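Dear colleague,

Please find below the structure that I am handing over to you. My notes on it follow directly after.

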Amino acid sequence: MSDERILVVDDDTSLLTLLKMRLKSMGFVVTACGTGEDALHSAQEDPYDFAILDLRLPDVDGLDLMEELHQHQTNLPVLILTAHGCIPNAVQAMKKGAYGYLTKPFDDKELQESIDKALTTKRMGEEIHRLQLLVNELYGLDNVVARSPQMHTVLQQVARVAKTDTTICISGETGTGKEVIARIVHCNSPRASKPFMAVNCAAIPETLFESELFGHLKGSFTGAHQNKRGLIHSADKGTLFLDEIGEMPLALQGKLLRTIQNREILPVGGQVPIKIDVRILAATNKDLEQAVREGRFREDLYYRIHVVPLHLPALRDRREDIPVLAQFFLKRHGEHHHKVVKGFSPEAMQSLVTYAWPGNVRELENLIERAVVMSPQETITAEFLALSPQATKQPGSLQPLTEAKEAFERDYLKDLLGATQGNISRASQIAGRYRADFYKLLKKYGLHPSDKTTDVSTRVPPPK
Ligand SMILES: Nc1ncnc2c1ncn2[C@@H]1O[C@H](COP(=O)(O)OP(=O)(O)OP(=O)(O)O)[C@@H](O)[C@H]1O
Ligand SMILES: [Mg+2]
């Protein structure tokens with residue numbers, strides 16, 4: 001039995017009585033009103049889950065009534081009843097925010113279907129809202145930025161599957177937020193209070209992989225001085241997040257498949273499997289289908305983890321998220337670095353929105369943090385972002401990660417020395433490093449406190 005409350009407004013008393021009966025038999029709590037005024041009074045007292053309004057009422061137009069109801073309750077789904085052949089009215093109703101319309105006469109099935117659809121959409125919206133609150137609470141984020149329709153779809157999918165034990169494979173380019181999504185799934189599952197174990201398959205040397213993941217028994221190989229519990233076992237009752245699953249050695253993929261299917265693990269050197277209860281989430285930034293075609297990834301494992309595939313679109317394909325994310329990171333890093341930075345100049349925002357973001361959200365966050373640190377004003381201008389549309393890099397022009405990081409670090413240090421006029425205490429404070437560590441960094445790059453990038457020193461006033 002549903003206890004959702006429905007408001008029905010029609011001046012045709014026989015239709016009103018009939019509707020009331022039908023809706024009651026469907027399990028709803030129904031309030032029937034003959035005039036717009038009664039309906040408004042009633043809606044002000046207690047919010048409804050759904051409203052069915054006749055287009056023509058004695059005291060008010062049905063669409064005006066809908067607008068008034070929406071002023072009290074913006075997300076109230078409304079179904080408009082129109083007389084046969086009034087399609088233009090129905091179109092107008094939809095434009096003004098009606099969820100749908102029904103042409104009189106209608107049968108029970110049509111009525112039920114329209115209500116079900118509207119209520120499902122409403123519940124889904126509430127679920128996403130609830131999920132976001134939960135994420136804030138449990139995951140410790142003020143919010144997960146999801147403004148674009150693509151991210152709404154992802155969150156809707158998350159809302160649908162989070163509570164189940166389904167295996168999910170999250171794909172997306174580097175830095176798109178795959179781990180963020182994995183954590184949301186975990187935090188919103190019945191396993192939320194149990195461990196979330198993230199394993200980066202690319203970071204474990206191949207020789208150690210089996211023992212790291214499945215554990216080993218004392219004496220099972222040279223160096224195994226004692227029993228060791230594997231990461232899968234440590235995630236028991238919780239969630240195991242296998243990041244970069246495409247990097248898992250082929251030889252172990254079969255063993256993982258058996259673990260997922262039989263819900264048990266066999267430690268290295270063990271004879272008796274151990275029962276475990278984990279939910280598996282996987283992520284990949286590689287094309288796993290291609291890995292399957294090339295024989296680097298087992299097809300059976302591919303299907304086993306793709307029960308529910310979730311794809312995170314690249315940031316350049318959901319540009320609506322960029323301004324909100326930028327503002328979000330501005331606030332986060334402004335607070336972190338104790339700097340008052342309020343916003344971006346129009347040119348700066350323009351360059352953020354048009355840039356190609358090969359490193360996605362992570363790259364955006366790093367860039368904003370750097371701009372927050374370097375900017376002498378409360379408004380970040382385009383020069384502190386140093387982005388140009390040409391910065392849309394071609395794969396051939398990209399450096400290996402280590403070199404790119406070092407180049408960034410060297411430039412950053414030079415900028416920082418320029419901005420602080422070689423004041424090491426201030427520079428190390430901004431960089432969030434102890435003085436000794438900061439000196440080590442300077443030494444690593446052969447820099448001296450008096451070194452600086454000339455352009456920065458001329459544009460950044462000395463610190464107060
Ligand atoms: N929607 C979002 N809202 C707020 N922050 C986000 C969002 N998406 C990603 N981030 C932030 O961007 C950074 C990268 O996210 P995450 O580590 O989840 O990416 P990833 O896809 O797992 O990357 P990789 O493939 O490199 O492992 C993190 O600091 C995360 O907090
Ligand atoms: Mg990741």
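A helix here is a DSSP run of H or I with at least four residues, a strand is a run of E with at least two, and both are numbered from the N terminus. Please keep in mind that this is a predicted model.

With those terms, the chain comes to 19 helices and 14 strands. The radius of gyration is 29 Å, well over the 23 Å that the globule rule gives for 464 residues, so the chain is more spread out than a compact globule. Along the principal axes, the C-alpha atoms fill a box of roughly 90 × 70 × 40 Å. Buried residues account for 32% of the 464 residues. Of the contacts between residues at least 6 apart in sequence, 71% join residues at least 24 apart.

The domain assignment divides the chain into domain 1 (5–121), domain 2 (149–311) and domain 3 (317–459). Between the C-alpha centres of domain 1 and domain 3 there are 54 Å.

Ligand 1 has 15 residues around it, and Thr174, Gly177, Lys178, Glu179 and Val361 come nearest. Which domains supply this shell? Domain 2 and domain 3 each contribute at least three residues to the shell. As for helices, α7 (178–187) and α15 each provide at least two of its residues. Sorted by class, the shell holds five nonpolar, six polar and four charged residues.

Most residues other than glycine have a negative phi, and most peptide bonds are trans. Against that background, the following may be of interest.

- The peptide bond from Lys104 to Pro105 is cis, with omega near -10°. Pro105 sits in the loop between β5 (100–103) and α5 (108–139).
- Lys237, in the loop between α9 (231–234) and β8 (239–243), has a positive phi near 75°. Lys237 has 13 other C-beta atoms within 10 Å; a residue is partly exposed when this count falls between the limits of 12 or fewer for exposed and 20 or more for buried, so Lys237 is partly exposed.
- Trp357 is not a glycine, yet its phi is positive, at about 45°. The loop that holds Trp357 runs between α14 (346–354) and α15 (360–374). Is Trp357 buried or exposed? Trp357 counts as buried because it has 24 C-beta neighbours inside 10 Å.

With kind regards

Key
Residues are numbered from 1 along each chain as its sequence is written. Chains are lettered from A and ligands numbered from 1 in the order in which they are written. This is a predicted model: local features need pLDDT of at least 70, side-chain atom pairs count only at pLDDT 80 or more; totals for chains, interfaces and linings use all residues. The radius of gyration is taken over C-alpha atoms; the globule rule is 2.2 Å times the number of residues to the power 0.38. Two residues are in contact if their C-beta atoms, placed from the backbone, lie within 7 Å. Domain bounds come from an automatic or database domain assignment. A residue is near a molecule or strand if its C-beta atom, placed from the backbone, lies within 6 Å of it. Ala, Val, Leu, Ile, Met, Phe, Trp, Tyr, Cys and Pro count as nonpolar, Asp, Glu, Lys and Arg as charged, and the others, Gly among them, as polar.
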